[in-house]
Amino acid sequence: MAATTTARWVEVHPRNPQRRAIRATVDLLREGGLIAYPTDSCFALGAMVGNREGLERIRTIRRLDAHHHFTLVCRDFAQLGQFVRISTPVFRAVKAATPGCYTFILPATKEVPRRLLHPRKRTVGVRIPQHPVVDALLAELDEPLLSSTLLLPDTEEPMTTGWEIHERLGHQLDAILDSGECGTEPTTVIDLSGDEPELIRQGAGEGFQW
């Protein structure tokens, strides 16, 4: 599914998102759509994990290379554990920091499609946000959402308002969820695939304990 005219504008309540709007958005995702949606850090692009075209559309919008770490946005820790391998020390550290504004790079399980993996490390990003709209989306979807921060290649900061996204990317997206409240910084990205944590990007998440 590719955006043909302009993205559908979906206004949802920031704390109690309307079920009808969430269902309609999830139906669009299942049809192969690409959406922009608010999180506790900033807006993100989202598609179904199995959506090959959606993945390529995200790559095009953000001009990403093959070494970019995509993120699986998960509903809870149990779901996250199906897609990444976690040792006991990593389990404790990640569990203490979720839900929150962190993306963790971890070794992927066989449940993750190969095209989403880092080509050399076989790792993938995972995240559990703390945002009612995302919670509602994931509950209705009942599986992780393939996601990437909505940070354009010619900008240093992500877009933080729905109207700005609609003006800039409306012709490249299928829907924009606007809850009127969204974070303004990307997540903090921490690589936990090695012996010691490696800070990849300092963002909204602070105080990570190892």
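At 37% relative accessibility, Phe91 counts as partly exposed, a class that lies between buried (under 20% relative accessible area) and exposed (over 50%), computed with a 1.4 Å probe on protein chains only. The model is a predicted one, in which local features need pLDDT of at least 70 and side-chain atom pairs count only at pLDDT 80 or more, whereas totals for chains, interfaces and linings use all residues. Residues are numbered from 1 along each chain as its sequence is written, and side-chain values use heavy atoms, with hydrogens and water left out.

Phe77, by contrast, is buried, with a relative accessible area of 12%. The structure holds 4 aromatic pairs, where rings of Phe, Tyr and Trp (its six-membered ring) pair if their centres lie within 6.5 Å, and planes under 30 degrees apart count as stacked, over 60 as edge-to-face and the rest as tilted. The pair of Phe77 and Phe91 is edge-to-face, because the ring centres are 4.9 Å apart and the planes stand at 90 degrees. Since Phe77 belongs to helix 3 (residues 77-80) and Phe91 to helix 4 (residues 88-97), the pair ties together parts that are 14 residues apart in sequence; helices (H or I, at least four residues) and strands (E, at least two) are DSSP runs, numbered from the N terminus. Tyr102 and Phe104 also form an aromatic pair, which is stacked, with 5.7 Å centre to centre and 15 degrees between the planes. Both Tyr102 and Phe104 are buried, and together with Phe208 they form one aromatic cluster.

A nonpolar core is a set of buried Ala, Val, Leu, Ile, Met, Phe, Trp, Tyr and Cys residues joined through side-chain atoms within 4.5 Å. In the largest one, which has 41 residues, Leu72, Phe104, Leu150, Ile165 and Leu173 touch the most other members. Among the elements that each supply at least two residues of this core are helix 3, helix 4 and strand 5 (102-107). Leaving aside neighbours within four places in sequence, Leu72 is in contact (heavy atoms within 4.5 Å) with residues including Val49, Phe83, Val112 and Pro144.

His131 lies in the loop between strand 6 (123-127) and helix 5 (132-141), and at 8% relative accessibility it counts as buried. The side chain of His131 reaches the backbone nitrogen of Val133 at 3.2 Å. Beyond its neighbours within four places in sequence, His131 is in contact with Pro14, Pro38, Thr39, Asp40, Ser179 and Glu181.

Conventions: A polar contact is a pair of N or O atoms within 3.5 Å; within protein, one must be able to donate a hydrogen and the other to accept it, and residues adjacent in sequence count only if both atoms are side-chain atoms.
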